[in-house]
Amino acid sequence: MEHSKYDYLAKLAKEKDFTLIAVSKTQPKEKIMDLYRLGQRDFGENRVQELLEKQAELPSDIEWHLIGHLQTNKVKYIAPFVSLIHSVDSVKLAQEINKQAQKINRVIPVLLQVYIAQEETKFGFSPDELLEALEQGVFESLKNISIHGLMGMATNTENKEQVSKEFSSLKKLFELIKSKQYQYLINFNILSMGMSGDYEIALKEGSNMIRVGSLIFGER
Ligand SMILES: *Cc1c(COP(=O)(O)O)cnc(C)c1O
């Protein structure tokens, strides 16, 4: 593992005031513990089963982030402990998280995932779809989720201008939504964008939360 990369990013996060999520999917628990001992607490996983196994055995003060597509039938397993769900990509999923959170008397922090890439495999709301849903107040009655912001992934390309453009469009959408001052979006302040290959561009375009895996842990 490249501790020097981790040290660099952790220091940068403090200086520039963004949150570094160490994406630990497919990584063994020992590697997570290495970073934990260095002070890292925010870890990201994309599979529920893997997350459950790790959560059961690793320290309880780890903040677990679910960053991958979440099936509605699996929400109940992570509802009791998950710190932030980045990948709310449908109203139906938001409703299910709200329902499971209500059962256990929790308010679960979530991000709405927005589709900004020119790839067909990415999940998320389109910007227009999201604006319309917000205008219609579809999340307003969901008292057991707290919408903290947006998450997005840029196209996986070497074309930096395109990546910049996509992140910039997400930042604009984020600011637009904030400017509407919806009563139920008082916690709307997280913009989760940027991974190993594009976190520098993302930070430049206004990200305040990056999700970095391979750069810290090495190739999966
Ligand atoms: C895997 C993953 C990451 C981290 O990717 P790296 O390229 O390894 O940094 C970030 N976000 C999501 C949603 C992921 O699935």
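A polar contact is a pair of N or O atoms within 3.5 Å; within protein, one must be able to donate a hydrogen and the other to accept it, and sequence-adjacent residues count only if both atoms are side-chain atoms. Serine 196 places a polar side-chain atom 2.5 Å from an oxygen atom of the ligand. The model is predicted: local features need pLDDT of at least 70, side-chain atom pairs count only at pLDDT 80 or more, and totals for chains, interfaces and linings use all residues. Numbering runs from 1 along each chain as its sequence is written, and side-chain values use heavy atoms, with hydrogens and water left out.

**Ligand site**
- Around the ligand stand Val23, Lys25, Ile67, Met153, Met195, Ser196, Arg211, Val212, Gly213, Ser214 and Arg220, each with a heavy atom within 4 Å of it.
- This shell divides into 5 nonpolar, 3 polar and 3 charged residues; Gly counts as polar, and Asp, Glu, Lys and Arg as charged.
- In lysine 25, a side-chain N or O atom is 2.7 Å from an oxygen atom of the ligand.
- Glycine 213 has a polar backbone atom 2.8 Å from an oxygen atom of the ligand.
- Alone, the ligand exposes 390 Å², and the protein buries 89% of that (Shrake-Rupley method, 1.4 Å probe).

**Second largest pocket**
- Its lining divides into 6 nonpolar, 3 polar and 5 charged residues.
- Helix H1 (3–16) and strand E1 (19–23) each supply at least two lining residues of this pocket; helices are DSSP runs (H or I) of at least four residues, strands (E) of at least two, numbered from the N terminus.
- H1 gives the largest share of that lining, 6 residues.
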